[in-house]
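Here's a quick tour of a protein model for anyone just starting out with structures. Keep the 3D view open while you read, and find each spot as it comes up.

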Amino acid sequence: MIKVTIWNENLHEQQQEEVRAVYPEGIHGCIADFLSKDPQLWIQTATFAESEHGLTEAVLSETDVLIYWGHMAHEAFSDEVAQRVQKHVLQGMGLIALHSAHLAKIMRLLMGTSMTLRWKHGDRERLFATAPSHPIAKGLPPQFDIPTEEMYGEYFDIPKPDDVVFTGWFAGGEVFRSGCTFQRGLGRIFYFQPGHEEYPIYHMPEIQQILVNAVHWCAEVNRQQRPLSCTAVKATLEEEYQNPLRISVFYDHVTQAAAQSAGGDCVEEILRRCSDAGIRGIDIEYSQLVGDFDHICEALRYHYMEVASIYQMLNFRDHEFMGRAKEVIDLAHRMGVKRVLIVPGFLERDEAKVLHSVSGDYHAVERFMEQNLCIQSMRTALTELVQYARPLGVEVTLEDFDDVEAPYSRMNELLWFMRNVPGLRCTFDMGNFAFGYENVMDAYELLKNYIVHVHCKDRGSEGNGLQSVPTGSGYIPIAQLVRKLNAAGYRGYLSIEHFGDLDQMASIEQSAHFLKSLLEHRQTIPQ
């Protein structure tokens, strides 16, 4: 659904009977009437007399395309509101400026020229489609006549348009660039000359078709609310990509940070701050990624980020398990993502309790795994997935998942899967071995040959000592582990993870600062 706001001074209609006779519901009412016949459009109107001219921050934030008609009150229009509209256009809102809106403060701000022209009342205009293949000209004849219109003539002091979709010829011999497109920042702009208030221009089917087309064209660029500001580069992209270790963050933390923001920050703004902090990847759940695929991918490209790993919780007992897991792998292949994390399911609690009771002895773990039908089914499923993923260039990984029913939450349990599923690799979660009261340094030494992805989860000392805290602020020996990974030739991501944090943005930035300090001074990381 495209959200359209139609703005009109609505002064001529109030003050001049001849204009009110042509547009009894106002020019905005006429335009709203024919646009509302398009089921893809959601319409609202605003006028000059309303508070903040009806163009509040809330209104503009919910507007995909603004249609603007103005004439009498250009100079009385608020500078603050004009600058607000300019900001939203630069951030991706479409703008359709009609007739004498060429002299509006908004257009002069966006175009940077005087926007002056020649004019005369009462002339016949023939409108030619001079860019007939442009989407705004779709369904229009090569030319059509407007019986009576206000003549606008050259020279029209505008910057060079991207396209001159329509050119007007007037019976008095004047010509005019009557339909011009521009791009300013992320926003598309269409200026359209016909529409003098004394003549029934907006009742013409051809004019209505042009405006419907223009709304759709202006809305094609998805509005992302990206801040167009100067950004200090603390480390060049080349320097970052030469570093064998890079930082990622869970996308869930990004969305949580946006939800927690007192200032109403959007996901785009949180991603910008993550990128500024040196974060170059995200770990994202498959279902979340496919649910907003185009938007997420475009936002990541814009902020020099990529998907570091796709994960998904599944249940090997589910008859749809294999199909869903292969969908995850297929998507990773299409996107060029090298690793997926599959959480394949769980044991019954009593079974898991028995397994965990012997988890300190690898041979005892091995005997249990070989005799347990559920584990064997899980092994068979993971083996098939690894074989499916290998020719696609995708590695299937399993992590030390912190759940009492997970038969891979302890180091020996995870090692058994690594040894018994050829090609299976490890996503090493630094903080999850604490869940089973195991030493993470011992776990690293046991699993280091299988590690291809790392979660830098830290734990605090509150309660039972399992509270997730910003990376580097807890008792997990993150620095020593990063040093060992680097010395062993690890070439992958260090993923920030602290689910449940009450101030995700502050914790993300703190975690990123800590990890960046380690990567920038790798030779001085303590043993």
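Met-115 sits in the loop between α6 (105-111) and β5 (118-129). Its phi is near 65 degrees, a positive value in a residue other than glycine. Bear in mind that you're looking at a predicted model.

**Other loop spots to look at**

- Tyr-437 also has a positive phi without being glycine, with a value near 55 degrees.
- You'll find Tyr-437 in the loop between β15 (425-429) and α18 (440-447).
- Is Tyr-437 buried or exposed? Tyr-437 has a relative accessibility of 76%, so it counts as exposed.
- Glu-154 and Tyr-155 are joined by a cis peptide bond, with omega at about 20 degrees.
- Tyr-155 belongs to the loop between β6 (143-153) and β7 (163-170).

**Two buried histidines**

- His-74 is in the loop between β3 (65-69) and α5 (79-90), and with 8% relative accessibility it counts as buried.
- Setting aside residues up to four places away in sequence, His-74 touches Glu-9, Ser-100, Ala-101, Leu-103, Ala-104 and Lys-105.
- How far apart are His-74 and His-102 in space? From C-alpha to C-alpha they are 9.9 Å apart, while in sequence they are 28 residues apart.
- His-356 is part of helix α14 (residues 349-357).
- With a relative accessible area of 14%, His-356 is buried too, because the cut-off for buried is under 20%.

**The nonpolar cores**

- The largest nonpolar core is made up of 92 residues.
- Which residues have the most contacts inside this core? They are Ile-310, Tyr-408, Phe-417, Phe-428, Met-430 and Leu-494.
- Helix α16 (residues 373-389) gives the most to this core, namely 8 residues.
- Take Ile-310 as an example: leaving out residues up to four places away in sequence, its contacts include Ile-284, Tyr-286, Leu-289, Val-328 and Leu-331. Ala-332, Val-337, Arg-339, Val-340 and Leu-341 are also among the residues that Ile-310 touches.
- Apart from this core lies another one, of 41 residues, and Tyr-23, Leu-41, Trp-69 and Met-204 are among them.

**How helices pack together**

- Helix α10 (residues 267-276) packs against helix α20 (residues 504-520) at an angle of about 20 degrees, and their axes are 10 Å apart.
- Why is α10 called roughly parallel to α20? Because angles under 35 degrees count as roughly parallel, α10 and α20 get that label.
- The crossing of α10 with α20 is right-handed.
- On the α10 side, Ile-270, Arg-273 and Cys-274 meet Met-505, Ile-508 and Glu-509 of α20. By class, this contact has 4 nonpolar, no polar and 2 charged residues.
- For α16 and helix α17 (residues 411-420), the axes come within 10 Å and cross at roughly 50 degrees. α16 and α17 are therefore oblique to each other.
- α16 passes α17 in a right-handed crossing as well.
- Ile-375, Gln-376, Met-378, Arg-379, Leu-382 and Thr-383 of α16 meet Trp-416, Phe-417 and Asn-420 of α17. This contact of α16 with α17 splits into 5 nonpolar, 3 polar and 1 charged.

How values were computed: Residues are numbered from 1 along each chain as its sequence is written. This is a predicted model: local features need pLDDT of at least 70, side-chain atom pairs count only at pLDDT 80 or more; totals for chains, interfaces and linings use all residues. Side-chain values use heavy atoms; hydrogens and water are left out. Axes are lines fitted to C-alpha atoms, for helices over the stretch in contact, and angles run from 0 to 180 degrees between N-to-C directions. Helices (H or I, at least four residues) and strands (E, at least two) are DSSP runs, numbered from the N terminus. Angles under 35 degrees count as roughly parallel, over 145 as roughly antiparallel, 65 to 115 as roughly perpendicular and the rest as oblique. A crossing is left-handed if the near helix is turned anticlockwise from the far one by less than a right angle, and right-handed if clockwise. Contact means heavy atoms within 4.5 Å. Ala, Val, Leu, Ile, Met, Phe, Trp, Tyr, Cys and Pro count as nonpolar, Asp, Glu, Lys and Arg as charged, and the others, Gly among them, as polar. A nonpolar core is a set of buried Ala, Val, Leu, Ile, Met, Phe, Trp, Tyr and Cys residues joined through side-chain atoms within 4.5 Å. Buried means under 20% relative accessible area, exposed over 50%, partly exposed in between (1.4 Å probe, protein chains only).
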